[in-house]
Amino acid sequence: MSNRMKALALAGSLAMLAGTAAPAAAQTELTLWTQEGQAQNALEYVESLAAAYSEANPEVSINVINKDTEALREDLFTASMGGAAPDILWTVSDHVGPFTAAGLIAPLDDVIDAAAYVPAALDVVTVDGQVWGAPTSFGNHLMLYYNKDVIPEAPANTDELVELAVANTDAANGQYGLVYDQAESFWLVPWLGGFGGSVFAEDGVTPTLDTEAMVGALTFLHDLKYEYGVMPADADYNTADGLFKEGLAPMIINGDWTLGAYVDTLGDALGLAPIPQVVDGDFPKPYVAGKYLMMPSAVTEDEEKAAIVADFINWATNTENQLEQVELLARVPGNAEAIADPLVTEDPFIAGSAEAAQYGTQQPTNLEMRCIFDAMTNGIRTLYASADADPAGIAATMQSSVDNDVAPGGACGPE
């Protein structure tokens, strides 16, 4: 029996575990791994939630361990082989692909009530007809933030975006019209959609990176830096974020995860909007996903512990806790009742974020996506490194790289 089939077989035994945790005869210690970090006090929120659960259930203690997103993915494989897997995961949706393929997490269909969540949020983590995560937040999408003291209205299209960026660039004084993370391909994805492309063919597994749409997206991004000169020479995530917060850049493309921090910094001067439409093209299509609670397969070997984990997952994502997360982190909730609450619908920032998410497209979770991200990241780093970079050649190299990786025996291919 394959690892995935073993995980699916666990679903039946989990049916009795949902709802209220079984009384523990002695202290039960759980370990929760999360990739939530210090930004916007997200890690602090996870820790406070774990502490609140322990306060309500004194027989349970939850040790929260922060790991970088990629480290969490890699470490779960190693820990599972060594019998030291954590009991709870709080992580991104794109981990579902590799984790289900390796049988490292258990399906949650019999653990959670699907009706309690935003359907689109569950769709992101539905694989082979099974739900593999409970959404703590929905979105994780990129959008345009702007300083209304400098730019009163968001640009409607890429021509207006460039015009405003040029007008507000003074490179000699360290001021740039537009900033974003130049080191990660997550920021390339929306533009690929705006130019009419996608990373997969209609079958959802065949990579399509060497296309006219990709060349168009890469050419536009290269022009922003080298033809229009509106971007700094080098800008990773922290550099771009700092320039915007310090008032040295009036526009940034960034994710919903930093909304709360930008509200704190700019207050009513903060504007947010969908990424502007490509002239003669479409609106850019950022990936929409979220953060999810997942149950490692190993924990189901202990029915008492699995019952407590199931209870924590349901409790952490209930309406009350989701609304508290909205107040503290300004994230769009994954809970259906919470997303319809006035706390969300009447808040101009959170409602604006939800609107921007409507232009997005569901982020793939299949195993091939990991290698596509890697190939595109190598490509954009080459793109931004030189004024003489060749977008068409870079697109071809991306395709060649990912084709090798998804072939049998490749990093993301069948064995």
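1. A residue is called partly exposed when its relative accessible area lies between the buried class, under 20%, and the exposed class, over 50%. Tyr359, at 31% relative accessibility, therefore counts as partly exposed. Phe283, at 23% relative accessibility, also falls in the partly exposed class. The model discussed here is predicted.

2. Aromatic pairs, overall. The structure holds 17 aromatic pairs. One of them joins Tyr45 and Trp90: the ring centres are 6.3 Å apart and the planes stand at 80 degrees, so this pair is edge-to-face. Tyr45 belongs to helix H2 (residues 42-56) and Trp90 to strand S3 (residues 88-92), and the pair links distant parts of the chain, 45 residues apart. Tyr45 is buried, with a relative accessible area of 4%. Trp90 is buried as well, at 1% relative accessibility.

3. Phe283 and Tyr359. The ring centres of Phe283 and Tyr359 are 4.5 Å apart, with the planes at 45 degrees, so the pair is tilted. An angle over 60 degrees would be needed for edge-to-face, and one under 30 degrees for stacked. Phe283 sits in the loop between strand S10 (270-273) and strand S11 (287-296), while Tyr359 sits in the loop between helix H15 (348-357) and strand S12 (361-362); the pair therefore ties together parts that are 76 residues apart in sequence.

4. Other ring features. A cluster linked by ring pairs takes in Phe186, Trp187, Tyr237, Trp257, Tyr287 and Phe373. Separately, Lys67 is placed over the face of Trp33, at 4.5 Å from the ring centre.

5. Salt bridges around Glu70. The structure holds 11 salt bridges. Glu70 and Arg73 form one, with the closest N and O atoms 2.6 Å apart. Both residues lie in helix H3 (residues 69-81); because they are 3 residues apart there, about one helical turn separates them. Glu70 is partly exposed, with a relative accessible area of 25%, whereas Arg73, at 17% relative accessibility, counts as buried. Glu70 also meets the side chain of Arg370 in a salt bridge, at 3.3 Å from N to O. Arg370 is in helix H16 and Glu70 in helix H3, so this pair ties together parts that are 300 residues apart in sequence.

6. Another salt bridge joins Asp282 to Lys285, the closest N and O atoms being 2.5 Å apart. Asp282 is partly exposed, with a relative accessible area of 35%, and Lys285 is partly exposed at 26% relative accessibility. Elsewhere, salt bridges with shared partners join Glu70, Arg73, Asp94, Arg370 and Asp374 into one network.

7. Surroundings of Arg370. Which residues are in contact with Arg370, leaving aside its neighbours within four places in sequence? They are Glu70, Arg73, Asp94 and Cys412. Glu70, Arg73 and Asp94 are also members of the network in point 7. The C-alpha atoms of Arg370 and Asp403 are separated by 13 Å, the two residues being 33 residues apart along the chain.

8. Ser54. Ser54 lies in helix H2, the helix that also holds Tyr45. Ser54 is buried, with a relative accessible area of 17%. Its side chain reaches the backbone oxygen of Val60 at 3.0 Å. Leaving aside neighbours within four places in sequence, the contacts of Ser54 are Val60, Ser61 and Ile62.

Notes. Residues are numbered from 1 along each chain as its sequence is written. This is a predicted model: local features need pLDDT of at least 70, side-chain atom pairs count only at pLDDT 80 or more; totals for chains, interfaces and linings use all residues. Side-chain values use heavy atoms; hydrogens and water are left out. Rings of Phe, Tyr and Trp (its six-membered ring) pair if their centres lie within 6.5 Å; planes under 30 degrees apart count as stacked, over 60 as edge-to-face and the rest as tilted. Helices (H or I, at least four residues) and strands (E, at least two) are DSSP runs, numbered from the N terminus. Buried means under 20% relative accessible area, exposed over 50%, partly exposed in between (1.4 Å probe, protein chains only). A charge sits over a ring if NZ of Lys or CZ of Arg is within 6 Å of the ring centre and within 35 degrees of the ring normal. A salt bridge is a side-chain nitrogen of Lys or Arg within 4 Å of a carboxyl oxygen of Asp or Glu. A polar contact is a pair of N or O atoms within 3.5 Å; within protein, one must be able to donate a hydrogen and the other to accept it, and residues adjacent in sequence count only if both atoms are side-chain atoms. Contact means heavy atoms within 4.5 Å.
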